[in-house]
Amino acid sequence: MYNRKLTHNNLYEESDNKALVREINMAKNIQTKLLNGERPKLENDEVSGISIPARLIGGDYFDFYPLSNGKIRIVIGDVMGKGIPAAMLMILTRGAFRTAAESTKGPGETLTAMNNALYRDLRTLNSFVTVFCADWDSDSGTFSYASAGHSLPEIIKKDMTQFDIPSVKGIMIGGLPNQVYKEEKVTLSDGDLVFLYTDGIVEAVNTDGEMYKVDRLTKVLKSVVSKNIKVIEEAVIDDIKIFTEGLPQRDDITMVVLKIGKESSEISSFNAPLV
């Protein structure tokens, strides 16, 4: 009798595990589709993003939102933690961004609206999200931006020099209530490269315990600044693999690449935003 009961329990446990694996894979597919939706098609510029989770699903986030004034709003974020809990908060962040982008005038206001929407939930869950948000205006060449505790992007000029943009500080989303996020802006030129990223790139570790760091990243970006964004993405990913020497990925790796073209650009097509 005991053995028969034990066998039944094992069957139930095996069935539960299969159901769990199936549901995790479904969640992975949902997240992959949300992160890899149609990219904005720019007339002359290029923009794209890629996210590689450390586990089946991750907590990094990036998105693009076309604005009625012809600009495009770009966001990249990193939810505290990894795996399923971080992925769930990532979905909340996505909804908050898309709702805020629709009704706010600039990246600073967008971050304020996101913080107002998410603060109570994130405090209840003892979590937070770092977010960098920017507007790209191809007509004027203006890149305006605000940060909620997230790293500034690396900008490499056409002549392979590094362009340090003015610092802008802000509390991470979920850190404090009623936050106002200041904006800064810079003017970009043809051939400039804007690289937004999460810390899974610069904090990747090799077999000696050393971190990848920003200096190595900028060296790679300078070497491919004249290439298209697909080549730039692959160059960074390949160099991280070389550096880590096959060690398991410890954190989600996410990047957004904006390559400024030779002429003014405009958004030619994009799916209607979904919340």
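Helices (H or I, at least four residues) and strands (E, at least two) are DSSP runs, numbered from the N terminus. This is a predicted model, where local features need pLDDT of at least 70, side-chain atom pairs count only at pLDDT 80 or more, and totals for chains, interfaces and linings use all residues. Residues are numbered from 1 along each chain as its sequence is written, and side-chain values use heavy atoms, with hydrogens and water left out.

**Stop 1: confidence**

Colour by pLDDT, the predictor's confidence in each residue, from 0 to 100. The chain has a mean pLDDT of 88, with 90% of its residues at 70 or more. Now select 263-275, where pLDDT is below 50. Beyond near neighbours in sequence, that stretch has 41 contacts in the model (contact means heavy atoms within 4.5 Å). Where pLDDT is low, the predicted coordinates should not be read in detail.

**Stop 2: a sheet with β10 in it**

Select β2, β11, β10, β7 and β8, in that order: they make an open sheet of five strands with antiparallel pairing. At its edges sit β2 (46-52) and β8 (162-163), each pairing on one side only.

Next, zoom in on β10 (residues 193-197). Three bridges link it, antiparallel, to β7 (residues 154-156); look for Ile156 with its bridge partner Leu193, and for Ile155 opposite Val194. Five antiparallel bridges connect β10 with β11, and Leu193 has Lys259 as its bridge partner there.

Which way do the β10 side chains point? Leu193, Phe195 and Tyr197 go one way, Val194 and Leu196 the other, and all are buried. Here buried means under 20% relative accessible area, exposed over 50%, and partly exposed in between (1.4 Å probe, protein chains only).

α6 (residues 229-244) lies across β2, β10 and β11 (253-259), at about 150 degrees to β11. For these angles, axes are lines fitted to C-alpha atoms, for helices over the stretch in contact, and the angles run from 0 to 180 degrees between N-to-C directions.

**Stop 3: another sheet**

Four bridges join β6 to β9, and Phe143 stands opposite Val186 in β9.

**Stop 4: the cores**

A nonpolar core is a set of buried Ala, Val, Leu, Ile, Met, Phe, Trp, Tyr and Cys residues joined through side-chain atoms within 4.5 Å. The largest one has 46 residues, of which Phe143, Ile173 and Leu258 touch the most other members. Elements giving it two or more residues include β10 and β11 as well as α3 (107-124), but α2 gives the most, with seven.

Show what surrounds Ile173: among the residues that it touches, not counting those up to four places away in sequence, are Leu111, Met114, Phe128, Ala148 and Tyr181. Finally, pick out Ile156, Phe195, Ala204 and Val225, which belong to a second, separate core of 23 residues.

Methods. Two strands pair if DSSP finds at least two bridges between them.
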